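Subject: Handover of a structure and findings

Dear colleague,

Please find the structure for your review below.

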Amino acid sequence: MKVKLYNSLMEAQMNRRNMLKGAASATAIAAVGGVGSAITTRPAWASSDLRAAMLKIPGVGKGSPSDADWQKVGAMTLGPTKEVVKEGEFAGVELTFMGLNNQNLHNFLFRGFLKPWEKYTGAKINWVDLAQADYNARLQQSIATQTVDFDIIEMGAPFEGDVTGRGLASEMPDWVKSVIDMDDYVDYLKAPVGTWGGKTYRVSIDGDCHNFNYRTDYFSDAGFAAAWKAEGHKGEWEVPTTWQKVQEVTKFLKGKKDPLSGLAAHGYLDPLKGWGGFGFYFLASRATAYAKHPDDPAWLFNPEDMSPRVNNAAWVRAIQDVLDVLDAQPTDQINADPGTTGFQQFLAGTGSMLSWWGDIGSNAKTSDTSVVGDVTGFSILPGSDDVWNHKEGKWETLASGPNYAPNMAYIGWGVYVMARVDSDSKKHKAAWSAAAHLGGKDISLWAAAYPSGFQPYRNSHFNIPEWVGAGYDEAFIKDYLASEADSYNHPNAAIEPRIPGIFQYYSVAEDELAKIYAGQYKSAQEGADAIAAAWDKITDQIGRESQTKLYKSSLGI
Amino acid sequence: MSTQADLLHVVTSDHITPRRAAFGRFLVWGSAGLFGLSVLWQVLFEFDVTAFGFDNWRPVLYAYVFWAICLCVSQVIIRGEQGKRALFVLPAVLFVVSMVVFPLLFGLSISFSDWNLASLDGRKFNGFDNFRQMWADPFYWNALKNMVYYTLAISVEYAIAFGLALLLNSQIRGQKFFRVAFLMPLMLSPVAVSWMVGKSMLEVRFGPLARLARWIGWENPSFFGTAEFARATIMIMDAWTFIPFMMIMILAGLQAIPKEVQEAAIVDGASPWQSFWQVTFPLMLPISITAILIRIIFKLKLADIIINVTSGGPGGATDSVTSFIFREYRDRSNVGYGTLLAMVYLVLIVVAITIFMKLVDRWMNPRY
């Protein structure tokens, strides 16, 4: 269901259940595809009670879910599997699954989710757990040395060029498309994401974007409001909606006290330490509003020749912004990676503004370590009063107001089956069945609602009453889901190129950024030039011609 | 075979017939030919010169193992008792060749190639390009410079280890307890040290050491905030782990010193300092040099604590050569360049250790 359509139905005071019960709803559902379309293997209304019951495991505010909870959810969502797989059909089949073990999530959840599946089908799964920082290297080595030793992989869309482009993945059978209801995906996750050469390979389990997380208690604090006026700042004391304001607020908060903890107050949190390439996304989140012009799909490289844009005026301004608020960051921030800013700082009550994936929202109220569940608000990433027009080489102020460009960082995790199972039909079906179970419509809702490492990515995930039924505060969840939906559906979203070796670019940029933040370059421009030079070197090494071709294709040029 | 001048005490007298010797030679040369052919065939297949070949190099490995077995067997067939003696060494030699020499040569061939795992073109020979890149790479030189600092810190570690060893060698209460207690950090994995100490105890908001620092008046404790502080903290964590290693070696040395020499010094009226400096310390030099040498080798491999705690930051201040190579290899899949950096580092280590040992040798055995 389209978010817009859903919202309009909500405005008409029609809840989902009533809508589905109503005769007229059948037409509406058929019109939008998804939940009730002909290819769906089971009627959606049959699972609405199940979804409500599933979302009460363990219940929001009742602590972090455990392995027992994951297994319960896995068992409750076996319905679609049972429709296509007979009990014990995969007896004797062994599959190897490679994925992450971040924050004891990802593979840990998959284990629990798949245990009832293993019991029902008779298959056995062996696990390869990888730390986030080790993931890229392990995958690249397997690809390059032709030692793919896993049957199923949890992988991000940026690697599709490396894996599907080399014919290493198995094409998705049509029955899987029906089981997982692909029409329900938000638009930006539909083809070409997940496809290569017209073939579909990916079961989406996540939809990634960076949203803007802020502390509501900071921006409703009367003391801060009075001080804001007293210090002569323009406008009201409110949540910043542009990076210019974020900078101003961050500098303003220096030296003040946090309303929750009484410790030092901080504004926007920048991760200044690398994170195996993933840290670069956080500079990108600052830069997209400056660098992604609505009339230009490119923002990282020039599509004509892959020459980097990372040293243009927009990116240099983003780097300079970080440098300008270094002294307003928490102590030792130079040693804080994104994991620290998200989980050890923001969720633990340090700092008031943060760009991160949706994990902050799904953890704020459900994680044992979060203290900010009641004081967290969300929006899309801030915009900018002006935007860099790279083609014209000048800053522009848009007639429509500030330029917004949400960063679709990583495009979400997916489950892919490797081509090595294709020669064995039983194994092939087992692998795809396991992938389909993990990417199922109901199980994904639970994963979006609780700490999992995954955020909402289906239109059906934006059904607020379901979240409220799980125990979420309505205002909180509306705010959170709106920040996600508005990012996904934004017309000027900055979508990452799916080109081989993309993390090499990010990794080398992290090394140079560390030097920039440590003051080893004379200026942000000099540091950005060093990143650009390193990127050019990588492009030449991987092959400029093929990279340019793939980059253009990923931009839809 | 003459048994008259046999100093190796051959107990049997072999009568090797020409046919037997010829069979032995056939065995070794035949298997070698098979091995050589399989290598040649696979190389030609890899370079698309021939249309047929193996899916992978495993059959070539089997041919190598077959040749190795034939070589061993042929020693006995051709040389009898003497050949049996060769069997005591030959398998080990073949093993070393397979596991050390061959990988080293293979590594060398990789280091002179352009091999980025993301490149669809695969590996390409690029001569000295990687070396030229290294020469102009500020990250590598920065890491080398840091290694000099890290290595110099061993002198302080040595002094502390010596002090602790002297303490444990003296008649103190709870001597056994302290020996075990002081040894415990060595039993910890550096990765555990990174997380327990670097990430938890030194955490600036809640870490107990940060709290202690605030309690004693350091308002905003930061253990990794500046280049110097971060480097010093890494050095301290690494030292905490490995000082016990040096201490235990020195302690063993101290316990092996003849008591009579020290007692004679005391009888001759030497003060405790003179007794240490002019008797104990010189006697301890050989063991000290060994401990320092092993410690240098450990130190040159320093990476795990850095990777986990600082990722080489801030701004490369704590980067070690190994942690830099690790990033080049792991995050950037730059196998060719990463291997060259490792090879150059290996050569530097071999040269530096050789010079160090020569200097120590001259110092300890002066030639007048």
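Please note that the model is a predicted one.

Chain B

Val267(B) belongs to helix H10 of chain B, which covers residues 259–267. Between Val267(B) and Leu87(B) there are 57 Å from C-alpha to C-alpha, and the two are 180 residues apart in sequence.

As for the chain as a whole, chain B contains 14 helices and 2 strands. Its radius of gyration is 28 Å, whereas the globule rule gives 21 Å for 368 residues; the value is well over the rule, so chain B is more spread out than a compact globule. Along the principal axes, the C-alpha atoms of chain B fill a box of roughly 85 × 65 × 45 Å. Of the 368 residues in chain B, 28% are buried. When contacts in chain B between residues at least 6 apart in sequence are considered, 64% of them join residues at least 24 apart.

Domains of chain A

The domain assignment divides chain A into domain 1 (1–32), domain 2 (33–204 + 413–453) and domain 3 (211–408 + 493–498). The centres of domain 2 and domain 3 of chain A, taken over C-alpha atoms, are separated by 32 Å. Contact between these two domains involves 18 residues of domain 2 of chain A and 16 residues of domain 3 of chain A. On the side of domain 2 of chain A that touches domain 3 of chain A, at least two residues each come from helix H8 (132–144), helix H9 (160–163) and helix H19 (441–449) of chain A. H8(A) provides the largest share of that side, with 3 residues. By class, that side of domain 2 of chain A comprises 9 nonpolar, 8 polar and 1 charged residues.

Which helix of chain A gives the most to the side that touches chain B? In total, 32 residues of chain A are in contact with 26 residues of chain B. H8, helix H22 (502–517) and helix H23 (524–542) of chain A each supply at least two residues of this side of chain A. H22(A) gives the most, with 8 residues. The residues on the side of chain A that touches chain B comprise 11 nonpolar, 16 polar and 5 charged.

Helix H15 of chain A

Helix H15 of chain A (residues 313–324) has 12 residues, which at 1.5 Å a residue should span 16 Å; its end C-alpha atoms are 16 Å apart, in agreement with that value. Among the buried residues of H15(A) are Trp315(A), Arg317(A), Ile319(A) and Asp321(A). The buried residues of H15(A) pack against helix H13 (243–253), helix H14 (280–291), strand E10 (387–389), H22 and H23 of chain A.

Nonpolar cores

The largest nonpolar core has 213 residues, of which Ile152(A), Ala434(A) and Ala435(A) touch the most other members. Apart from its neighbours within four places in sequence, Ala435(A) is in contact with Ile152(A), Val203(A), Val415(A) and Val417(A). There is also a second, separate core of 5 residues, including Phe35(B), Tyr64(B), Trp67(B) and Cys70(B).

Yours sincerely

How values were computed. Residues are numbered from 1 along each chain as its sequence is written. Chains are lettered from A and ligands numbered from 1 in the order in which they are written. This is a predicted model: local features need pLDDT of at least 70, side-chain atom pairs count only at pLDDT 80 or more; totals for chains, interfaces and linings use all residues. A nonpolar core is a set of buried Ala, Val, Leu, Ile, Met, Phe, Trp, Tyr and Cys residues joined through C-beta atoms within 7 Å. A residue is buried if 20 or more other C-beta atoms lie within 10 Å of its own, exposed if 12 or fewer, and partly exposed in between; C-beta atoms are placed from the backbone. Two residues are in contact if their C-beta atoms, placed from the backbone, lie within 7 Å. Helices (H or I, at least four residues) and strands (E, at least two) are DSSP runs, numbered from the N terminus. The radius of gyration is taken over C-alpha atoms; the globule rule is 2.2 Å times the number of residues to the power 0.38. Domain bounds come from an automatic or database domain assignment. Ala, Val, Leu, Ile, Met, Phe, Trp, Tyr, Cys and Pro count as nonpolar, Asp, Glu, Lys and Arg as charged, and the others, Gly among them, as polar. The expected span of a helix is 1.5 Å times one less than its number of residues.
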